[in-house]
Amino acid sequence: MDKAEIERIYTGIGAGDKGVIAQAITWIEDRHDGADALLELLYRQTGRAHVVGITGPPGAGKSTLVNEIARIWAAQGLRVGIIAIDPSSPFSRGAVLGDRVRMRGVSGQQQVFIRSLANRGFLGGLSRSTADVVKIFDGAGMDVVIIETVGVGQSEVSVCELAHTVVVVAVPNAGDAVQTLKAGLLEIADVFVVNKRDMPGAVNTVRQLRQMLAIRRSSDMTDRPSPWDIPLVSTNALASEGVMDVVRSVDEHRHYLRSSGLWETREARRATNEVELLLREDVVPRVLERARQSGLWDTLLPRVIARELSPLGMAHQLAEIPTLTSLNAKQKE
Amino acid sequence: MASHTIRVLLCKTTMESHDRGVRFLATKLRDAGMEVIYLNFLEPVEVVDTAIEEDVDVIGLSSSVEGHLAVLETVTRQLQMRGHRRVLVMVGGVIPEEDIAPLQAMGVQGVFGPGSYVSDIIQFIHDHVPARV
C-alpha cells in the first residue's frame, strides 16, 4: 500500500476534511489494504470523544431523536459524528439505509458528519466496522460520536460494549410491567427515553419504567458510593419536545463517569471487548490462513482423523499454544 | 479479503409525491446486493453534501414533474467544483426525449425514462462503476 496515500488520508482526517473522512470510512468498510496502517497511526489520536449509543426497537423514533440531539449539540458549538446503522438483507446482502430521511435538520451542517452503515450480517445491533468508524470520527476531533443501532429486540445489546453512555428509546404500549423486569435491553440503559409521549398509553409506560427503576435502585444502593440515578425522560422527538432533557441527561452522565472514575472503567471494558472481538474476527482467520498455506493443516488433519491427535491438540498447535501440545508429547513418551 | 459494496444515493429532486418508482428501485437495488442510502427529497446542494459524506458510487435522482435540467445542472457542477467527478450520476422518471442530450452534456451518464427496465439499470451501474479495491 502506498505510504503517501495513507499519510494523506491521516492528515486529512486530522484536518476534518469531509471527503477524506468519508473515504477513510469506505476503506474500513471495504477492508482496504491501507485501513490497518491508517488505524495504527490514528489510534493514538483517539480517546477524546464521548461515544453515545442510541438504541431501541424499530420505529421508536431513534433517528428523529438523534437529529434533534445532534442539532442541540451542534448549536452549542460541538462537533458531532453520527453513525446510523440499518440491517443488511440476509439474502442479497444489500440494504436500504433510511435513517438519514429523519436527519435533514442536521445533515449538511459543517460540524456534523452523518454516515449510514449496513450491519452486513453482524449481530447485536452494530456493524463489524462500527468500532473503527468511531475511531475515525474521534481522530477527526469530533466531540461526540452518536451510534444509532439497528432497530433492536430484547437482546441486541452490543452497543453497551462500545458506548460510554447508552440511551434506550422505548415507545408506549410495548407490553406490561413484567416486560420491564426482563434482562437484556432495559438493563443497559444509562438514560431512558419514552418517545412518542403524545400517544395514548405513554403515561402508563413511563409509570411502569419508573417502578422498574425504583425497584432496581432499592436493590442497588448498598454497595455503590455514588450511584448513577438513571434518568427517565419522555419526549415527542418529532415536535422537539423533551429533547433538551435528554441532552442534559447524557451530558450529566458524562460528568458522572468522569468524576466517579467510571470513565476509566468503561474505557477498560471497551478495550477488552474490542481486543476479544479482534482475536475472534482477525486473529483466528489469520491462524487458519497461515496453517493452510504452510501445509501444517494438511499435515495435522490426517493425524486427527487417525485419532493420534485430538482436535483440541491440533487447534492448539495451529495457534502455537504450548500447554496441550507438550501434554500430548509427554503422553506419547 | 478486501471487497467493495456498491453504494447508491437515491432521492427525488423536487418536493412532490411521486415516489413509488424510486422506492421500487431502492428495493430492487437492495435485492441486487447494493447498499442504498434512501432519502425522500433533497435540494441539489444536499444531494452533493450527502453523496460526499456517504462516499457513494452512484447518485440516482428521480424526477417526475420537471425541473430536472436545473437540478442536474447544479448537482453536476457542484460535484466537479468539489472534486468528486468519479461518482456516477443517473436520472430517472419522466424525462422527455429532448432532454437526454443536454443531460448527457452535463455529465449525467444514465437517463432512464418511462418504460425502463430495472435489470438495465442494474447492468448499467455494474458497467459504469469503476472497481474500487
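## A recorded domain in chain B

UniProt, in an unreviewed entry, places the feature "domain: B12-binding" at residues 5-132 of chain B. Please keep in mind that the model shown here is predicted.

## The domains of chain A

Now turn to chain A. Its domain assignment gives domain 1 (1-45), domain 2 (47-259) and domain 3 (276-320). Between the C-alpha centres of domain 2 of chain A and domain 3 of chain A there are 40 Å.

UniProt also lists "domain: AAA+ ATPase", from an unreviewed entry, for residues 48-198 of chain A. Over residues 48-198 of chain A, the chain is 25% strand and 16% helix, with end C-alpha atoms 37 Å apart.

## Two helices that pack together

How do two packed helices get described? By the angle between their axes and the distance between those axes. In chain A, helix α2 (residues 18-30) and helix α5 (residues 130-139) pack at an angle of about 160°, and their axes are 10 Å apart. An angle over 145 degrees counts as roughly antiparallel, and α2(A) and α5(A) are therefore roughly antiparallel to each other.

The crossing of α2(A) past α5(A) is right-handed. On the α2(A) side, the contact is made by A:Ile21, A:Ala24, A:Ile25 and A:Ile28, and on the α5(A) side by A:Asp132, A:Val133 and A:Ile136. The residues of this contact of α2(A) with α5(A) comprise 6 nonpolar, 1 charged and no polar.

Terms used
Residues are numbered from 1 along each chain as its sequence is written. Chains are lettered from A and ligands numbered from 1 in the order in which they are written. This is a predicted model: local features need pLDDT of at least 70, side-chain atom pairs count only at pLDDT 80 or more; totals for chains, interfaces and linings use all residues. Axes are lines fitted to C-alpha atoms, for helices over the stretch in contact, and angles run from 0 to 180 degrees between N-to-C directions. Helices (H or I, at least four residues) and strands (E, at least two) are DSSP runs, numbered from the N terminus. Angles under 35 degrees count as roughly parallel, over 145 as roughly antiparallel, 65 to 115 as roughly perpendicular and the rest as oblique. A crossing is left-handed if the near helix is turned anticlockwise from the far one by less than a right angle, and right-handed if clockwise. Two residues are in contact if their C-beta atoms, placed from the backbone, lie within 7 Å. Ala, Val, Leu, Ile, Met, Phe, Trp, Tyr, Cys and Pro count as nonpolar, Asp, Glu, Lys and Arg as charged, and the others, Gly among them, as polar. UniProt positions are given in the numbering used here, feature names are shortened, and annotations may be inferred rather than shown by experiment. Domain bounds come from an automatic or database domain assignment.
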